[in-house]
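Colleague: Hello! I would like to learn how to read a protein model, feature by feature. Could you take me through one?

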Amino acid sequence: MLITSLQNERIKYAVKLWNRRSREEEKRTLLEGYRAITRANQCRMKIEECFYCPSMFLGENENELLAKLAESGTVTTETTDRVFAKLAYRDRPEGLIAIAEAREHRLDDLPFVKNGLYLVAERIEKPGNLGAILRSADAAGASGIIVCDKCTDIYNPNVITASTGTLFSVPLAETSSQEAALWLKKNGIRTLAATPHTDKNYTDIDMTAGIAIVVGAEQYGLSEFWLKNSDISVKISMLGLADSLNVSTATTILLYEAARQRGWRKST
(Lines give C-alpha, C1' and ligand atoms only; values in the text may rest on other atoms or scores of the structure.)
Protein backbone atom coordinates (compact mmCIF):
# COMPACT_ATOMS: atom_id res chain seq x y z
CA MET A 1 0.00 0.00 0.00
CA LEU A 2 1.29 3.46 -0.92
CA ILE A 3 -0.07 6.54 0.87
CA THR A 4 0.05 9.67 -1.26
CA SER A 5 -2.43 11.93 0.53
CA LEU A 6 -1.63 14.18 3.48
CA GLN A 7 -5.27 13.78 4.53
CA ASN A 8 -5.00 10.01 5.02
CA GLU A 9 -6.49 9.11 8.41
CA ARG A 10 -3.54 6.90 9.41
CA ILE A 11 -1.12 9.73 8.70
CA LYS A 12 -3.20 12.21 10.68
CA TYR A 13 -3.41 9.77 13.58
CA ALA A 14 0.37 9.21 13.57
CA VAL A 15 1.16 12.95 13.45
CA LYS A 16 -1.12 13.46 16.44
CA LEU A 17 1.11 11.15 18.50
CA TRP A 18 3.95 13.65 18.48
CA ASN A 19 1.82 15.48 21.08
CA ARG A 20 2.26 14.34 24.69
CA ARG A 21 -1.43 14.48 25.56
CA SER A 22 -2.31 12.36 22.54
CA ARG A 23 0.36 9.80 23.43
CA GLU A 24 -0.98 9.51 26.96
CA GLU A 25 -4.61 9.27 25.82
CA GLU A 26 -3.91 6.70 23.13
CA LYS A 27 -1.21 4.82 25.09
CA ARG A 28 0.84 4.82 21.89
CA THR A 29 4.15 6.38 20.90
CA LEU A 30 6.14 7.04 17.74
CA LEU A 31 9.56 5.59 17.00
CA GLU A 32 11.67 7.34 14.40
CA GLY A 33 14.71 5.89 12.68
CA TYR A 34 16.33 2.51 12.13
CA ARG A 35 18.06 2.21 15.51
CA ALA A 36 15.06 3.11 17.68
CA ILE A 37 12.73 0.77 15.80
CA THR A 38 15.28 -2.06 15.74
CA ARG A 39 15.91 -1.86 19.47
CA ALA A 40 12.21 -1.59 20.27
CA ASN A 41 11.61 -4.71 18.20
CA GLN A 42 14.51 -6.55 19.88
CA CYS A 43 13.00 -5.67 23.27
CA ARG A 44 9.59 -6.97 22.20
CA MET A 45 7.76 -3.68 22.09
CA LYS A 46 4.45 -4.14 20.31
CA ILE A 47 4.92 -2.26 17.02
CA GLU A 48 1.58 -1.85 15.28
CA GLU A 49 2.49 -0.07 12.07
CA CYS A 50 5.65 1.13 10.35
CA PHE A 51 5.60 3.83 7.69
CA TYR A 52 8.52 3.88 5.30
CA CYS A 53 9.88 5.96 2.45
CA PRO A 54 12.65 4.13 0.51
CA SER A 55 14.11 7.30 -1.02
CA MET A 56 15.06 8.49 2.49
CA PHE A 57 16.80 5.30 3.66
CA LEU A 58 20.34 5.90 4.90
CA GLY A 59 21.68 2.34 4.75
CA GLU A 60 21.10 -1.13 3.37
CA ASN A 61 19.35 -2.83 6.31
CA GLU A 62 15.97 -1.09 6.26
CA ASN A 63 14.27 -3.64 4.01
CA GLU A 64 15.44 -6.51 6.22
CA LEU A 65 13.99 -4.73 9.25
CA LEU A 66 10.68 -4.16 7.45
CA ALA A 67 10.54 -7.86 6.59
CA LYS A 68 11.13 -8.83 10.23
CA LEU A 69 8.42 -6.43 11.36
CA ALA A 70 5.96 -7.81 8.82
CA GLU A 71 6.71 -11.37 9.95
CA SER A 72 5.86 -10.40 13.52
CA GLY A 73 2.51 -8.91 12.50
CA THR A 74 3.39 -5.24 12.05
CA VAL A 75 1.59 -3.44 9.24
CA THR A 76 4.17 -1.87 6.90
CA THR A 77 2.99 1.09 4.84
CA GLU A 78 4.91 2.95 2.15
CA THR A 79 4.49 6.72 1.76
CA THR A 80 5.61 9.35 -0.69
CA ASP A 81 8.38 11.79 0.23
CA ARG A 82 5.85 14.57 0.82
CA VAL A 83 3.73 12.49 3.15
CA PHE A 84 6.74 11.21 5.08
CA ALA A 85 8.03 14.75 5.53
CA LYS A 86 4.76 15.56 7.30
CA LEU A 87 5.18 12.50 9.54
CA ALA A 88 8.80 13.15 10.49
CA TYR A 89 9.92 14.85 13.69
CA ARG A 90 13.57 15.20 12.65
CA ASP A 91 14.87 17.71 10.14
CA ARG A 92 16.69 14.90 8.32
CA PRO A 93 14.38 11.88 8.43
CA GLU A 94 15.68 8.34 7.89
CA GLY A 95 12.63 6.99 6.12
CA LEU A 96 11.22 4.89 8.99
CA ILE A 97 8.57 5.83 11.57
CA ALA A 98 6.59 3.33 13.62
CA ILE A 99 3.58 3.42 15.90
CA ALA A 100 4.15 1.33 19.04
CA GLU A 101 2.13 0.51 22.10
CA ALA A 102 3.46 2.43 25.11
CA ARG A 103 4.26 0.26 28.08
CA GLU A 104 3.04 0.91 31.60
CA HIS A 105 5.95 1.23 34.01
CA ARG A 106 4.64 0.25 37.41
CA LEU A 107 6.82 0.02 40.48
CA ASP A 108 5.28 -3.35 41.38
CA ASP A 109 6.68 -4.75 38.13
CA LEU A 110 10.25 -3.57 38.70
CA PRO A 111 12.46 -6.62 39.26
CA PHE A 112 14.25 -6.89 42.58
CA VAL A 113 17.88 -7.93 42.27
CA LYS A 114 19.85 -8.75 45.40
CA ASN A 115 22.90 -6.48 45.49
CA GLY A 116 21.43 -4.71 42.47
CA LEU A 117 22.47 -1.34 41.12
CA TYR A 118 19.47 0.98 40.84
CA LEU A 119 19.04 4.56 39.76
CA VAL A 120 16.43 7.04 40.98
CA ALA A 121 15.90 10.09 38.75
CA GLU A 122 13.80 12.78 40.43
CA ARG A 123 12.06 15.54 38.48
CA ILE A 124 14.34 15.49 35.44
CA GLU A 125 12.99 18.22 33.19
CA LYS A 126 14.91 18.00 29.92
CA PRO A 127 14.11 15.05 27.64
CA GLY A 128 17.68 14.92 26.33
CA ASN A 129 19.04 14.54 29.86
CA LEU A 130 16.57 11.80 30.75
CA GLY A 131 17.44 9.93 27.56
CA ALA A 132 21.17 10.23 28.23
CA ILE A 133 20.63 8.95 31.78
CA LEU A 134 18.80 5.90 30.44
CA ARG A 135 21.64 5.25 28.00
CA SER A 136 24.26 5.43 30.77
CA ALA A 137 22.20 3.19 33.05
CA ASP A 138 21.99 0.56 30.32
CA ALA A 139 25.72 0.80 29.64
CA ALA A 140 26.61 0.48 33.34
CA GLY A 141 24.40 -2.58 33.77
CA ALA A 142 21.83 -0.98 36.06
CA SER A 143 19.26 -3.39 37.50
CA GLY A 144 16.48 -0.82 37.17
CA ILE A 145 15.57 2.85 36.98
CA ILE A 146 12.87 4.63 38.98
CA VAL A 147 11.65 7.92 37.51
CA CYS A 148 10.14 9.93 40.37
CA ASP A 149 7.71 12.84 40.23
CA LYS A 150 8.20 13.02 36.48
CA CYS A 151 8.41 16.35 34.68
CA THR A 152 8.85 14.96 31.18
CA ASP A 153 7.17 12.17 29.26
CA ILE A 154 9.49 9.17 28.92
CA TYR A 155 8.10 8.62 25.41
CA ASN A 156 9.05 12.12 24.32
CA PRO A 157 10.88 11.72 20.97
CA ASN A 158 13.98 13.42 22.36
CA VAL A 159 14.09 10.92 25.25
CA ILE A 160 13.94 8.03 22.81
CA THR A 161 16.60 9.56 20.56
CA ALA A 162 18.99 10.47 23.39
CA SER A 163 18.58 7.01 24.93
CA THR A 164 19.49 5.41 21.55
CA GLY A 165 16.62 3.02 22.14
CA THR A 166 17.84 1.82 25.56
CA LEU A 167 14.56 3.14 26.97
CA PHE A 168 13.16 -0.22 25.90
CA SER A 169 15.88 -2.39 27.44
CA VAL A 170 16.33 -1.12 31.01
CA PRO A 171 13.73 -2.14 33.64
CA LEU A 172 11.87 1.07 34.40
CA ALA A 173 9.24 2.32 36.84
CA GLU A 174 7.44 5.64 37.29
CA THR A 175 6.18 6.60 40.73
CA SER A 176 6.38 9.16 43.52
CA SER A 177 9.51 9.75 45.59
CA GLN A 178 7.73 8.45 48.69
CA GLU A 179 6.70 5.19 47.03
CA ALA A 180 10.19 4.73 45.56
CA ALA A 181 11.82 5.20 48.96
CA LEU A 182 9.46 2.67 50.53
CA TRP A 183 10.16 0.10 47.79
CA LEU A 184 13.91 0.49 48.15
CA LYS A 185 13.81 0.26 51.94
CA LYS A 186 11.54 -2.78 51.84
CA ASN A 187 14.03 -4.54 49.57
CA GLY A 188 17.10 -3.57 51.58
CA ILE A 189 18.55 -1.25 48.93
CA ARG A 190 20.59 1.63 50.37
CA THR A 191 20.09 5.07 48.83
CA LEU A 192 22.99 7.29 47.80
CA ALA A 193 22.09 10.95 47.23
CA ALA A 194 24.19 13.04 44.86
CA THR A 195 24.61 16.55 46.30
CA PRO A 196 27.38 19.13 46.59
CA HIS A 197 26.40 19.71 50.23
CA THR A 198 28.46 16.97 51.85
CA ASP A 199 32.08 16.17 52.64
CA LYS A 200 32.02 12.60 51.35
CA ASN A 201 33.44 11.96 47.90
CA TYR A 202 31.68 9.36 45.77
CA THR A 203 34.85 7.29 45.36
CA ASP A 204 35.05 6.74 49.13
CA ILE A 205 31.75 4.83 49.32
CA ASP A 206 31.34 1.07 48.91
CA MET A 207 28.81 0.50 46.12
CA THR A 208 29.16 -3.25 45.79
CA ALA A 209 26.07 -4.13 47.84
CA GLY A 210 22.52 -3.24 46.84
CA ILE A 211 22.39 0.50 46.22
CA ALA A 212 20.29 3.13 44.48
CA ILE A 213 21.98 6.26 43.17
CA VAL A 214 19.58 9.20 43.51
CA VAL A 215 19.93 12.24 41.24
CA GLY A 216 17.75 15.32 41.00
CA ALA A 217 16.47 18.12 38.82
CA GLU A 218 18.83 20.08 36.61
CA GLN A 219 18.40 23.46 38.29
CA TYR A 220 17.77 22.67 41.93
CA GLY A 221 19.13 19.18 42.46
CA LEU A 222 17.49 16.77 44.87
CA SER A 223 14.45 17.66 46.93
CA GLU A 224 14.56 17.91 50.71
CA PHE A 225 12.78 14.57 50.85
CA TRP A 226 15.70 12.68 49.34
CA LEU A 227 18.35 14.73 51.12
CA LYS A 228 16.73 13.87 54.46
CA ASN A 229 15.78 10.27 53.73
CA SER A 230 18.79 8.91 51.83
CA ASP A 231 21.24 6.65 53.64
CA ILE A 232 24.37 8.29 52.24
CA SER A 233 25.16 11.65 50.62
CA VAL A 234 28.10 12.02 48.25
CA LYS A 235 29.62 14.70 46.09
CA ILE A 236 31.63 14.81 42.90
CA SER A 237 34.57 17.10 43.62
CA MET A 238 34.77 20.20 41.42
CA LEU A 239 38.15 21.83 40.77
CA GLY A 240 37.10 24.75 38.57
CA LEU A 241 34.66 27.65 38.61
CA ALA A 242 31.53 25.52 38.07
CA ASP A 243 29.96 24.12 41.22
CA SER A 244 28.03 21.28 39.56
CA LEU A 245 27.88 19.03 36.50
CA ASN A 246 25.06 18.38 34.08
CA VAL A 247 22.79 15.80 35.70
CA SER A 248 23.35 13.19 32.98
CA THR A 249 27.13 13.64 33.25
CA ALA A 250 27.07 13.33 37.04
CA THR A 251 24.84 10.25 36.79
CA THR A 252 27.24 8.59 34.36
CA ILE A 253 30.20 9.20 36.66
CA LEU A 254 28.40 7.68 39.66
CA LEU A 255 27.07 4.68 37.73
CA TYR A 256 30.48 3.90 36.27
CA GLU A 257 32.13 4.09 39.67
CA ALA A 258 29.60 1.54 40.91
CA ALA A 259 30.23 -0.64 37.84
CA ARG A 260 34.01 -0.38 38.38
CA GLN A 261 33.71 -1.43 42.01
CA ARG A 262 31.58 -4.39 40.92
CA GLY A 263 34.29 -5.58 38.55
CA TRP A 264 32.29 -4.63 35.47
CA ARG A 265 29.83 -7.45 36.16
CA LYS A 266 26.08 -6.96 35.97
CA SER A 267 24.12 -7.99 39.07
CA THR A 268 21.70 -10.84 38.40
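Modeller: Gladly. Let us start with a term: a residue counts as buried when its relative accessible area is under 20%, as exposed when over 50%, and as partly exposed in between. Please keep in mind that this is a predicted model.

Colleague: Thanks. Which residues of α6 are buried?

Modeller: In α6 the buried residues are Pro127, Asn129, Leu130, Gly131, Ile133, Leu134, Ser136 and Ala137. The helix itself covers residues 127-139, which makes 13 residues. From first C-alpha to last it reaches 18 Å, close to the 18 Å expected at 1.5 Å a residue.

Colleague: And what covers those buried residues of α6?

Modeller: The cover includes the strands β6 (117-122), β7 (144-148) and β8 (172-175), together with the helices α7 (157-162) and α10 (247-261).

Colleague: Where should I look for positive phi angles?

Modeller: First the general idea: most residues other than glycine have a negative phi. Now the cases here. Just after α3, Arg44 has a positive phi of about 65 degrees. Just after α6, Gly141 has a positive phi of about 75 degrees. Lys27, a residue other than glycine, has a positive phi near 55 degrees, and its place is the loop between α2 (20-26) and β2. Arg123 is also a residue other than glycine with a positive phi, near 55 degrees, and it sits in the loop between β6 and α6.

Colleague: Why does Lys27 count as partly exposed?

Modeller: Lys27 is partly exposed because its relative accessible area is 47%, a value between the 20% and 50% cut-offs. Arg123 counts as partly exposed too, because its relative accessibility is 40%. For a helix residue, take Asn229 in α9 (residues 224-229). Asn229 is partly exposed because its relative accessibility is 45%.

Colleague: How is the chain divided into domains?

Modeller: The domain assignment gives domain 1 (2-101) and domain 2 (107-262). Taken over C-alpha atoms, their centres are separated by 31 Å. The contact takes 15 residues from domain 1 and 15 residues from domain 2.

Colleague: Now the pockets, please. What is the volume of the largest pocket, and which residues lie nearest its centre?

Modeller: The largest pocket has a volume of about 570 Å³. Its lining has 24 residues, and Ala194, Thr195, Pro196, Gly221 and Ser244 lie nearest the centre. By class, that lining divides into 13 nonpolar, 8 polar and 3 charged residues. Helix α10 gives the most to it, with 3 residues.

Colleague: What about the second largest pocket?

Modeller: The second largest pocket holds about 270 Å³ of space. It is lined by 14 residues, and the closest to its centre are Ala102, Arg103, Glu104, Tyr155 and Glu174. Its lining has 3 nonpolar, 1 polar and 10 charged residues.

Colleague: Which domains supply that lining?

Modeller: Domain 1 and domain 2 each supply at least three residues to the lining of the second largest pocket.

Key
Residues numbered from 1 in each chain as written. Predicted model: local features only at pLDDT ≥ 70, side-chain atom pairs only at ≥ 80, totals over all residues. Heavy atoms only, no water. Helix = DSSP H or I, 4+ residues; strand = E, 2+ residues; numbered from the N terminus. Expected span 1.5 Å × (residues − 1). Buried < 20%, exposed > 50% of the residue type's maximum accessible area, 1.4 Å probe, protein only. Contact = heavy atoms within 4.5 Å. 1 Å grid on protein atoms, 1.4 Å probe; cavity = no way out; pocket = protein on both sides within 12 Å on 5 of 7 lines; lining within 4 Å. Points joined across faces, edges and corners; volume = space filled by probe spheres on them. Nonpolar A, V, L, I, M, F, W, Y, C, P; charged D, E, K, R; others polar. Domains from an automatic or database assignment.
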